[in-house]
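The following note sets out, point by point, what the coordinates show. It is meant to be read with the structure open.

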Amino acid sequence: MKTVLHLTPYSVVTPKYGGAIRVNNLCRELSQQYRVVQFAQQVAKHQITWSLSPMVEEITPTYTEYSSRHPLSLLLYGIACSYLKCPPFLQGKLLDWVAPVWLHQQLQQAAVINVEHPWQFSWVYQQRQRQRHPKPIVVTAHNIEAELCSPEDIAAPAAIARYLVQQVERHEGFALRHADCIFTMSEEDTATLSDRYGIDPERCVVIPNGVDCNAFTPATPALRQQRKQELGLTDRSVILFAGSTHLPNQEAVQQIVKWAENWPDPRSHFLI
């Protein structure tokens, strides 16, 4: 069984938001044909303890996640994402000091390496340059990161904020230009990344986000009616949007509010 190595900035077990849900479900499917090993550079908040031992989770018999508890990784990720409101673009550089032996072993064994988000790509690329038999590296572009990061959004003085935005764009551009293949979420993302970074769109493969129809099935009409009664929405058409406070979700909510203000059917009820 060939091995596929995934690197993620965050743990995907148990997935509770978009990126983690995507990675977890796609790797589950991939593990039906390949051995999938996943390196997460830190654990989830509720998994932080005084122990420095990594968490190793067997998700399927052929899909394992290794989550680091190294305090430097946890600290840097927290400062970047929670305090500065900036992507954790220094994670790859940090791996020069904190990459575990396990990760180096998996790099040697893997047939292909998939880096989720661009932040750890530079480190993986440097490791491949040292190998006699380099493996292909795929980068998954969950977002157009440079478009989600502006100096006004970063909690730092203006000069520092501008520098951080430049570094985000530099790291994203390096990953996209040097990856052997790029997974994007949509044709629109492919076009935007191609224009912004001058990459050949033929190097991109669109793998859209989907729904696991084995886990999520439509509710029966009787259950729908019961839930509407519980919410006092009998005889109303309910339109639901669910999502985190991720910037694209916030933009979507703003658009939904505009629609709702002038919605032609007064029996429609929007839930966000």
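1. Helices in this note are DSSP runs of H or I with at least four residues, strands are runs of E with at least two, and both are numbered from the N terminus. On that basis the protein chain comes to nine helices and ten strands. The model is a predicted one, and every value below should be read accordingly.

2. The C-alpha trace of the protein chain spans about 65 × 50 × 45 Å along its principal axes. Of the 272 residues in the chain, 40% are buried. Among contacts with a separation of 6 or more, 68% are between residues 24 or more positions apart.

3. Eight strands form an open sheet, with mixed pairing and the order 3-4-2-1-5-6-7-8. The edges are taken by strand 3 and strand 8 (204-206); each has a single partner strand, so one side of each lacks a neighbour in the sheet. From one strand to the next, the twist averages 20°.

4. Helix 3 against helix 5. How do these two helices pack? Helix 3 (residues 91-98) and helix 5 (residues 121-129) have axes 6 Å apart and meet at an angle of about 50°. Helix 3 is therefore oblique to helix 5. The residues that meet are G92, L95 and D96 from helix 3 and S122, W123 and Q126 from helix 5. By class, this contact has two nonpolar, three polar and one charged residues.

5. A salt bridge within helix 3. The count of salt bridges comes to six. One of them joins the side chains of K93 and D96, at 3.6 Å from N to O. The two residues are three apart in helix 3, and therefore about one helical turn separates them. Both ends are partly exposed: K93 has a relative accessible area of 48%, and D96 is at 36% relative accessibility. D96 is also among the residues of helix 3 that meet helix 5.

6. The side chains of R128 and D180 meet in a salt bridge at 2.5 Å, N to O. R128 lies in helix 5, whereas D180 is in the loop between helix 6 (158-178) and strand 7 (181-184), so the pair ties together parts that are 52 residues apart in sequence. Are the two partners buried or exposed? R128 is at 12% relative accessibility and counts as buried, because the cut-off is under 20%. D180, with a relative accessible area of 41%, is partly exposed.

7. R196 forms a salt bridge with E169, and their closest N and O atoms are 3.2 Å apart. Since R196 belongs to helix 7 (residues 187-197) and E169 to helix 6, the pair ties together parts that are 27 residues apart in sequence. R196 counts as partly exposed at 35% relative accessibility, and E169 is partly exposed as well, with a relative accessible area of 31%. Salt bridges that share partners join E147, E169 and R196 into one network.

8. A residue in strand 10. Which residues does S268 touch, leaving aside those up to four places away in sequence? They are R236, S237, I239 and W263. S268 is found in strand 10 (residues 268-271). With a relative accessible area of 14%, S268 falls under the 20% limit and therefore counts as buried.

Definitions and conventions
Residues are numbered from 1 along each chain as its sequence is written. This is a predicted model: local features need pLDDT of at least 70, side-chain atom pairs count only at pLDDT 80 or more; totals for chains, interfaces and linings use all residues. Side-chain values use heavy atoms; hydrogens and water are left out. Axes are lines fitted to C-alpha atoms, for helices over the stretch in contact, and angles run from 0 to 180 degrees between N-to-C directions. Angles under 35 degrees count as roughly parallel, over 145 as roughly antiparallel, 65 to 115 as roughly perpendicular and the rest as oblique. Contact means heavy atoms within 4.5 Å. Ala, Val, Leu, Ile, Met, Phe, Trp, Tyr, Cys and Pro count as nonpolar, Asp, Glu, Lys and Arg as charged, and the others, Gly among them, as polar. A salt bridge is a side-chain nitrogen of Lys or Arg within 4 Å of a carboxyl oxygen of Asp or Glu. Buried means under 20% relative accessible area, exposed over 50%, partly exposed in between (1.4 Å probe, protein chains only). Two strands pair if DSSP finds at least two bridges between them.
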